[in-house]
Structures are given as structure tokens and as C-alpha cells.
Amino acid sequence: MEKEQNKVTFATRLGIIFATAGSAVGLGNIWHFPTTCGQNGGAAFVLLYVIITLLIGIPGMMGEFIIGRNGGKNAVSSYRKAGGKKVFGIIGAIGVLGGSLILGFYSVIAGWCVYYFGLALGDGVLGSQEHINNTFAHLMAPDNYMPCILSVAFILLTQMIIVRGVRKGIEWASKIMVPTLIMLLILLIGASCSLPNAFDGIRFLLNPDFTKLNAHVAFKALGEAFFSLSLGTACLCTYASYFKEETNLLRSTVEITLIDVAVAMMAGLMIFPAAFSVNVEPDAGPSLVFMTMPNVFEQAFPHSVAYVVSVMFYLLLTIAALTSTISMHEIGTAVISQETPLSRSKAAWVVSAFCSVIGVLSAYSLSHKGVGLFGDSFFDNFDKLTANIMLPLGALCTILIVGWVMPKETVMAELTSGGLYPRRAWVVKTFYFFSRIVCPILIVCIFMNKLDII
Ligand code: PFF
């Protein structure tokens with residue numbers, strides 16, 4: 001059988017937007033953003049998040065797109081070509097490793113979402129606060145191996161889509177899942193905002209209290225924006241290698257960034273009005289969607305409505321997770337299938353096997369105290385290693401390569417899609433100013449903050 005080669009592209013413009021937005025929109029937007037927002041003062045955090053996403057996100061995403069489409073192959077090969085030397089392939093390799101580690105621990109939360117979706121279908125999520133707490137405690141019990149099993153199952157589910165290829169797998173699945181996700185979100189926002197006192201939640205999300213702004217919140221928002229846009233893992237670069245010559249990179253970047261920010265805001269509009277309507281503080285941290293929200297649904301709606309809402313809510317989380325895990329899986333699958341003699345399906349098995357080990361270690365470490373390094377669980381080890389080091393490093397190298405290393409003609413050829421979309425001088429100047437100076441300085445600041453240097 002002929003090996004799938006690098007000439008594969010997404011079939012349609014909509015496919016490109018849905019697949020890439022599907023990667024960006026995930027648990028980061030729907031679980032992590034409201035959680036972090038709830039813990040960091042609401043609207044002040046949102047404001048910084050939006051500004052930072054636009055400032056760093058747009059040039060950062062453009063950078064990965066430029067390297068990916070110019071390379072036309074997997075991340076390692078594309079970074080080599082962009083830097084003009086073999087050694088630059090290491091940056092792609094770090095991205096691949098980062099994406100695979102994230103897939104490992106992300107699949108644990110994705111597994112919880114599937115578990116809660118199944119429970120919600122059988123009307124097992126709602127009930128008294130005690131029942132809700134017990135349900136979560138049972139899932140996390142040391143003798144319950146369900147989280148490990150579900151994490152591996154989620155990776156295999158992702159693999160089933162990946163092996164069908166770029167068009168019939170990734171693009172097809174994204175075209176179904178992303179619109180479904182947005183529809184579910186709209187329905188849930190409708191239900192949440194129709195509750196009494198919902199406006200308090202909207203105010204919490206949209207009316208900033210500037211006294212809450214400080215460096216800590218800014219750095220949180222920076223980290224959130226990186227993760228949410230899938231920056232620094234070579235994921236966007238891999239997807240860009242499937243873009244067509246005539247794909248307008250700048251327009252796609254702006255559209256995807258706006259969709260990502262819009263979905264994060266919509267997730268806030270779904271969660272905060274409901275929480276405020278029943279006087280529940282949305283600052284619970286990671287257990288927000290598994291312990292706080294069932295309680296909110298139970299209190300806010302009549303049981304039959306709460307049942308439907310909870311089913312839709314956990315389906316939404318599951319779909320959001322899946323569109324993102326597909327993109328993380330593809331980074332490694334593309335490298336292995338293109339750089340070794342292995343077929344795409346064998347390459348996918350290799351990625352799944354590696355990520356399953358990470359997934360099982362992460363899941364196990366959350367239910368067994370002391371399993372991990374430096375006093376943290378393995379889950380936190382992988383999370384911190386990727387979020388604090390690998391993602392900022394990947395994004396910094398990407399932006400520096402595009403700004404300082406790649407020949408300007410190559411960058412311009414990508415920025416204009418071979419002259420198809422001429423760019424005004426100020427657009428080019430602004431892009432270079434951000435890629436050469438603003439983004440590197442900001443990323444170095446995040447880096448130093450995460451490492452507790454500033
Ligand atoms: N952007 C995804 C989210 O917000 O959940 C997470 C993610 C996807 C991170 C793909 C990294 C990646 F390569």
C-alpha cells in the first residue's frame with residue numbers, strides 16, 4: 001500500500017478553519033478558562049486574556065503557520081527547512097514531545113468527561129451535594145482504575161479518527177464536531193442566562209474591576225492564552241502543512257483566534273450566570289465542572305431540565321476534548337509516518353502507546369498520593385513541564401526563527417500566499433515588529449515568571 005505522503009491537504013477552507021479551531025477550542029476554553037477566570041477575579045482576567053491572545057496569539061500562530069506551510073511536511077522537517085540547518089529540527093521535536101505529553105495527561109480529564117457523560121445519561125450525576133461529592137471521590141478512589149482505562153480508551157478513540165487520514169479523519173470529524181459544540185454551547189448559554197440573577201454572572205465576566213489587575217493575573221492570562229491557542233507544540237505547524245497554497249494565512253489566523261476567544265467567553269457565559277443565580281462561587285478550581293456544576297444544575301433547574309442540561313454539558317466537554325486530542329495525536333503521527341518507514345497506522349500505534357503510558361501514569365498519580373516527582377503528582381509534573389517550559393520555549397523559538405532566521409522573501413511568500421494576497425507595508429512592519437521584538441520579550445517574561453525568576 002502506498003504511504004500517505006506530504007502532498008495531502010485539507011479539502012476545503014471551512015475544513016481548515018474547523019480543524020484548526022477544533023484544536024484550539026478544547027478543555028482549555030471550556031474547563032480551564034472559566035476555572036482560572038473564577039479564581040482570578042473574573043472580567044479583569046478576561047480583559048488581559050483577550051488583549052494577550054490578540055497580541056501574542058496572532059503573530060505566534062502566524063509564525064507556526066508560516067513554518068508549517070513552507071515546510072509542507074511534519075514539524076521536525078518543517079523546522080529544519082525553516083532554520084536552514086538540521087539542528088533546527090530539534091525545535092520541532094520538542095514540540096512533538098510537548099504535544100504527546102499534553103495528550104497523555106489531557107486524556108485523563110477527557111476520560112473523566114466521558115465518565116460523567118455516561119453517568120449523566122443514566123441520570124447519575126445530579127442529586128444532593130453529598131451524592132455529587134461521593135461520585136467524584138469514587139472516581140478518584142485509589143482502588144478505582146477507571147480513570148486509567150478511560151484515559152487509554154480516549155487515546156484509542158482519537159487514534160481511530162487519525163488513522164482515517166487528514167481529509168476523511170481529521171477534517172470530516174472536525175466538520176461535524178465543531179458546529180455541534182457551538183450549538184450545544186449556545187443552547188446551554190440560553191439555559192444559563194434565562195435563570196434569575198443571571199446578570200450577576202454576566203457582570204462578573206464582562207465588567208472588570210481594575211484593582212484586580214496585577215502581574216500575577218497577567219502571567220496567568222499569558223499561560224492560558226498559549227495553551228488555548230495550542231501554541232508552542234508544533235500542532236499548528238503540522239496542520240499548516242496540510243493547508244493549500246492559496247490558503248490566506250493571515251485571515252485564517254485572525255478567524256481561528258477570534259473563534260477561540262469567543263468560545264472561551266461563551267463558556268464563561270454558560271457557567272457564571274448559572275453559578276451566580278444559585279449563589280455558588282465559581283472559584284472551586286479544577287473540580288468546578290465535576291462538582292460545582294452538577295450542584296448548580298440541580299439547584300437552578302427542575303430535574304428534567306437539569307438532566308438534559310447535564311447530558312449536553314458533558315457531551316460538550318467530551319467533544320471539545322476530542323477535537324483537541326486529534327490535533328495533538330497528529331503531530332507525532334505525522335513525524336513518525338513521514339520520517340520512518342512505518343505506515344500511518346503503525347505510526348499512530350506508536351504515538352498511542354507512548355501517550356497511554358503518560359496517561360496511565362498521570363491518572364494513577366492523581367489517585368495515589370506521593371506518585372510523582374518533586375512532591376507533585378506525575379499529572380502535575382507533565383502539566384508544569386509542558387506549560388512552564390516546553391510551550392513557551394517552542395513559541396519563543398518559532399517566533400525568533402520567523403522574525404530573524406527565515407529569509408524575508410520566504411516569509412513574505414507565505415504571508416501573501418505567493419503574491420495572491422498583497423500585504424500593505426504597515427501590516428508587514430507590524431508583523432515583523434511583533435515577531436522580532438514584542439513577542440520574544442513577552443515570552444521571555446512569561447518564562448522567567450513561570451520559573452519564579454520574576
Ligand atoms: N488548545 C487546547 C485547549 O484549549 O484545550 C489544548 C491543546 C491542543 C494544547 C493542542 C496543545 C495542542 F497541541
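A residue counts as near a molecule or strand if its C-beta atom, placed from the backbone, lies within 6 Å of it. This is a predicted model, so local features need pLDDT of at least 70, side-chain atom pairs count only at pLDDT 80 or more, and totals for chains, interfaces and linings use all residues. Residue numbers start from 1 along each chain as its sequence is written.

**Exercise 1. Explore the shell around the ligand.**

Step 1: Find the neighbours. The ligand is surrounded by 16 residues, and the closest are Gly26, Gly28, Ser230, Thr233 and Cys235.

Step 2: Look for the helices involved (DSSP runs of H or I with at least four residues, numbered from the N terminus). H1 (13–24), H2 (27–39), H5 (89–121), H10 (215–228) and H14 each supply at least two residues of the shell.

Step 3: Sort by class. Ala, Val, Leu, Ile, Met, Phe, Trp, Tyr, Cys and Pro count as nonpolar, Asp, Glu, Lys and Arg as charged, and the others, Gly among them, as polar. The shell has 6 nonpolar, 10 polar and no charged residues.

**Exercise 2. Describe how H5 packs on H16.**

Step 1: Pick the quantities. Two packed helices are described by the angle between their axes and the distance between the axes.

Step 2: Read them off. Axes are lines fitted to C-alpha atoms, for helices over the stretch in contact, with angles from 0 to 180 degrees between N-to-C directions. The axes of H5 and H16 (residues 378–405) come within 9 Å and cross at roughly 150°.

Step 3: Name the arrangement. That angle makes H5 roughly antiparallel to H16 (under 35 degrees is roughly parallel, over 145 roughly antiparallel, 65 to 115 roughly perpendicular, the rest oblique).

Step 4: Check the contact (C-beta atoms, placed from the backbone, within 7 Å). Among the residues that meet are Ile91, Gly95 and Phe105 in H5, and Phe379, Asp383 and Met390 in H16. By class, this contact has 13 nonpolar, 5 polar and 1 charged residues.

**Exercise 3. Now do H14 and H15.**

Step 1: The axes of H14 (residues 303–339) and H15 (residues 344–367) come within 8 Å and cross at roughly 130°. So H14 is oblique to H15.

Step 2: His329, Gly332, Thr333, Ile336 and Ser337 in H14 meet Arg344, Ala347, Ala348, Val350 and Val351 in H15. These divide into 5 nonpolar, 4 polar and 1 charged.

**Exercise 4. Decide whether Asn134 is buried or exposed.**

Step 1: Asn134 sits in H6 (residues 129–139).

Step 2: Asn134 is exposed, because 12 other C-beta atoms lie within 10 Å (20 or more means buried, 12 or fewer exposed, in between partly exposed, with C-beta atoms placed from the backbone).

Conventions. Contact = placed C-beta atoms within 7 Å.
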